[in-house]
Amino acid sequence: MAEITDVRINGRGGQGAVTASRLLAEAAILEGQYVHAFPNFGPERAGAPVTSYARISPEPFYEKTEVYEPHIVVVIDPTLLDDVPVVEGLRDGGTIVVNYDGEKDSLVKYFEGVHANIYKVAGSIIATEEIGRNVPNLVMLGALIKVTKLVEIESLKKVTLNRFKGVLGEKNVVAINRAFEEVE
Amino acid sequence: MSGVRQVVGMTGDEAVAHAAKLVNPDVVAAYPITPQTIIAERYSDFVNNGEVDTSFISVESEHSAMSACVGASLTGARVFTATASAGLALMYEILYVASGMRCPIVLAVANRAFSAPINIHGECTDQLVCRDASWVSLFGESAQEAYDETILSFKIAEHPDVMLPAMFGIEGFIVTHALERVETLSKQQVDDFIPASRIVRDRFCPDENKTFGSLVLQDYYMEIKRQQEEAMQNAYKVTEDAMQEFSELSGRKMEITEKYQLEDADYAFVSYGATAGNAKAVVDRLRAKGEKVGALKIRLFRPFPSMDMFQALSGIKAATILDRSATFGSPGTIVQTDIASALYGKENVPSLHGYINGLGGRVLTLPEIEEVYEMSKEYNNIGINSTTDWVGYRK
């Protein structure tokens, strides 16, 4: 059976969670991997909690179900920590990457009793400083791929520049690099 | 076959639009409805950007969309449209006009549950209930199959031995809006596969006096319907040949039914669409536990591949039919009743256990499919040879 990695991205409407899962999957395809990436469609609106998913494997796989037990959770918006059970279904020993600008110790207290690898990066600060807007979706992917090695950073940069032409793409690449370096 | 295969990330809807672009139909008439909308949107971009020669007709409803398709098709044009759920239901009257007037229109269906209650998610009832409309009907499991069936459908529909419309379905969101890798074809490959324009024996033309769609009563109506049945019977062989040719062209094996781990199997899943992927994943899990189980996927639903069903299921003890469609007060699930008819009276055939599941986007998880498999085995062990259950809902 194929080794599959299930990723869930928790964000808020308008933050680009759907674009993030799509670009992560496109980067994986670029490397010859197999994917099934999709948003959870419902009555979304700006600011409401949303989720998107990417199922990735180096080998072909068949399942077409939603993701209930992710190996990896990415939290794009830190305010979700108080509103949404972001670790719901997270596999034992899984990985969670949070956009968080406080100390790591204060983040860890959110996840008491959760057996997972916890990482944080100041995604909103990086996005605001490097892109000029607090849209940290691709920034968080930079952090994600540093700690999980799901795809190479070069693949992510390539699909980012392909999706966002010109200065916006270049700024996102700078931000991705910074998150890749600063994730802890 | 050209050298390097190009691999692109596309959603199911995008795959349909891109494949249709290679076919470059003369006319597209469509009305937006979730989860189909992206097909029509992308295609209208291609028209706007001058990437295709298509006349795009924006209409005010799906009834008008299919009516415009019929009118265009009667002039000899190659015609494409797309819809879902309520949109397909609104087309229903004109589906029969399209097939009765032998218009080889191609229709992409983003399979979606019917209202009420209103729901935008995946379920295949919308397409299955068109089974008697004299349309060739296919289902796809993935964005790749959506891409391939778009091109294939024109080949089947326009074949002189068929000349019937064709629809193919992919499930809402889990295929239509999910990104997967798609191996694309070149324009040249598609041009080699499908003639540049339709072979037209008879058509509406300003300088000829002809009547189409005239009144036909007791005198000839039944003969015309019988011709449609013969065309539908022909569609089986035409589909088989077209799939063979497409397999050679694309390097991807395409068959009317796909058999997975069936050679030595005692038990089998039968399904179609995205569910067929889940069935194969469960076969892998059960095989790892030592179960002798396989999976049969139906790609061609009309004409129904009765003989394929018999050959594939011969020698199987029990078949678990996963049917993502709703029917009420029926002797079985929609696909189960077809399979039962195909196997009736034959020796060495399995007990048939149909399961209505996955309505309105509900997911039947892989562990739940394993439970259903155990149910079928249990029914078979105690000698019950036909059952129909609803699964995956709150009791």
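The model is predicted, so local features need pLDDT of at least 70 and side-chain atom pairs count only at pLDDT 80 or more, while totals for chains, interfaces and linings use all residues. Residues are numbered from 1 along each chain as its sequence is written, and chains are lettered from A and ligands numbered from 1 in the order in which they are written.

Chain A brings 17 residues to the contact and chain B brings 19 residues, two residues being in contact if their C-beta atoms, placed from the backbone, lie within 7 Å. On the side of chain A that touches chain B, the elements giving two or more residues are helix 1 (17–30) and strand 2 (34–39) of chain A. Here helices (H or I, at least four residues) and strands (E, at least two) are DSSP runs, numbered from the N terminus. Strand 2 of chain A gives the most to this side, with six residues. By class, the side of chain A that touches chain B has ten nonpolar, two polar and five charged residues; Ala, Val, Leu, Ile, Met, Phe, Trp, Tyr, Cys and Pro count as nonpolar, Asp, Glu, Lys and Arg as charged, and the others, Gly among them, as polar.

Helix 1 of chain A also packs within its own chain. Its axis and that of helix 5 (residues 137–148) of chain A come within 9 Å and cross at roughly 40°. Axes are lines fitted to C-alpha atoms, for helices over the stretch in contact, and angles run from 0 to 180 degrees between N-to-C directions. Helix 1 of chain A and helix 5 of chain A are therefore oblique to each other (angles under 35 degrees count as roughly parallel, over 145 as roughly antiparallel, 65 to 115 as roughly perpendicular and the rest as oblique). The crossing of these two helices of chain A is right-handed; a crossing is left-handed if the near helix is turned anticlockwise from the far one by less than a right angle, and right-handed if clockwise. Helix 1 of chain A contributes Ala17(A), Thr19(A), Ala20(A), Leu23(A) and Leu24(A), which meet Asn137(A), Leu138(A), Met140(A) and Leu141(A) of helix 5 of chain A. This contact has seven nonpolar, two polar and no charged residues.

Chain B is divided into domain 1 (6–250) and domain 2 (257–390), with bounds that come from an automatic or database domain assignment. The centres of the two domains of chain B, taken over C-alpha atoms, are separated by 28 Å. Across the boundary, 28 residues of domain 1 of chain B are in contact with 21 residues of domain 2 of chain B. Helix 8 (221–250) of chain B is among the elements that each supply at least two residues of the domain 1 side, and the largest share of that side, five residues, comes from helix 8 of chain B. By class, the domain 1 side has 13 nonpolar, eleven polar and four charged residues.

Helix 8 of chain B also packs against helix 6 (residues 143–157) of chain B, their axes coming within 10 Å and crossing at roughly 135°. That makes helix 6 of chain B oblique to helix 8 of chain B, and the crossing is right-handed. The residues of this contact divide into seven nonpolar, two polar and two charged.

Chain B holds an open sheet of seven strands, in the order 3-2-4-5-7-6-12, with mixed pairing; two strands pair if DSSP finds at least two bridges between them. Strand 3 (55–58) and strand 12 (300–302) of chain B stand at the edges, each with a single partner strand, so one side of each lacks a neighbour in the sheet. Strand 5 (residues 106–111) of chain B runs parallel to strand 7 of chain B, joined by six bridges, and the bridge partner of Asn111(B) is Glu171(B).

Strand 10 (residues 267–271) of chain B runs parallel to strand 13 (residues 318–323) of chain B, with four bridges joining them; Tyr267(B) stands opposite Ala318(B).
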